Amino acid sequence: MEFYVNGEKIDIVLENEKTVGDVLKSFEEECAKNNATTVNITLNGKNIGAEEFDSIFTEPLKDDTKLELVIVTQDEIKAAFTAQLSECDAISKELLELPVKLQSGKDKEATDLIAKLADFIEKFCHTATLSALFEEIYSKLLLDGKKVNEFFQDFSCILNDFEQAIASKDTVLMGDLAEYEISPRLNSIAKTIKEL
């Protein structure tokens with residue numbers, strides 16, 4: 001049997017494990033002791049979705065069985081949030097300057113800033129989703145006193161308005177939303193990250 005974790009081949013000694021499920025169960029017990037969890041399983045080159053999990057659990061181990069796991073640790077989640085903090089602060093400050101950039105014809109800088117904002121939100125949401133696997137972090141992940149999904153329900157409406165303002169080239173609305181709605185919410189995200 002070949003066993004990989006995060007792309008690295010691991011030498012394992014099988015004791016009483018006879019099925020893929022036995023290996024996964026033993027591995028998950030070790031992960032739990034180390035504040036880690038499995039986020040992706042590939043068996044013999046096939047990515048296994050949650051709905052297929054039960055069917056592979058009873059599959060017998062063979063010499064040519066190849067099991068690849070992607071794991072994430074609680075420390076990696078905290079480190080990802082910490083890495084996002086300075087980016088969040090920087091974008092929040094830049095958004096305050098967006099009205100001036102738009103009025104002075106610096107469209108390229110404005111467009112780059114909007115792309116940075118979209119990338120940051122995507123990264124933050126991905127990390128927040130993974131953090132749900134660790135109750136210790138997720139329970140503290142309150143933005144303006146709201147759970148992440150509640151916060152982003154409100155925020156996504158503002159981002160949609162922002163997107164429409166961009167499409168219609170309404171620079172006044174873009175500037176107002178950036179300064180009074182989006183930047184303060186990024187400050188809330190930054191504040192929460194600092195408290196984690």
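This report describes helix packing and strand pairing in a predicted model.

## Helices α3 and α5

Helix α3 spans residues 74–96 and packs against α5 at an angle of about 155°, with the two axes 10 Å apart. Angles over 145 degrees count as roughly antiparallel, and α3 and α5 are therefore roughly antiparallel to each other. The crossing of α3 past α5 is left-handed.

On the α3 side, the residues in contact include Ile77, Phe81, Cys88, Ile91 and Leu95. Their partners in α5 include Leu113, Leu117, Phe120, Phe124 and Ala128. The contact of α3 with α5 comprises 12 nonpolar, 3 polar and 4 charged residues; Glu87 and Glu94 in α3 and Lys116 and Lys123 in α5 are among the residues that meet there.

## Helices α5 and α8

Helix α5 (residues 107–131) also meets helix α8 (residues 171–195): their axes come within 13 Å and cross at roughly 35°. This crossing, too, is left-handed.

From α5, Ile114, Leu117, Phe120 and Phe124 take part, and they meet Met174, Ile182, Leu186, Ile189 and Ile193 of α8. By class, the contact of α5 with α8 holds 9 nonpolar residues, with no polar and no charged ones.

## The sheet

Five strands form an open sheet with mixed pairing, in the order β2-β1-β5-β3-β4. Its edge strands are β2 (8–9) and β4 (46–48), each of which pairs on one side only.

Strand β3 (residues 36–43) runs antiparallel to β4, and 3 bridges join the two. Within this pair, Thr42 stands opposite Asn47 of β4.

Key:
Residues numbered from 1 in each chain as written. Predicted model: local features only at pLDDT ≥ 70, side-chain atom pairs only at ≥ 80, totals over all residues. Heavy atoms only, no water. Axes fitted to C-alpha atoms, helices over the stretch in contact; angles between N-to-C directions. Helix = DSSP H or I, 4+ residues; strand = E, 2+ residues; numbered from the N terminus. Left-handed = near helix turned anticlockwise from the far one by under 90°. Contact = heavy atoms within 4.5 Å. Nonpolar A, V, L, I, M, F, W, Y, C, P; charged D, E, K, R; others polar. Parallel < 35°, antiparallel > 145°, perpendicular 65-115°, else oblique. Pairing = 2+ DSSP bridges.
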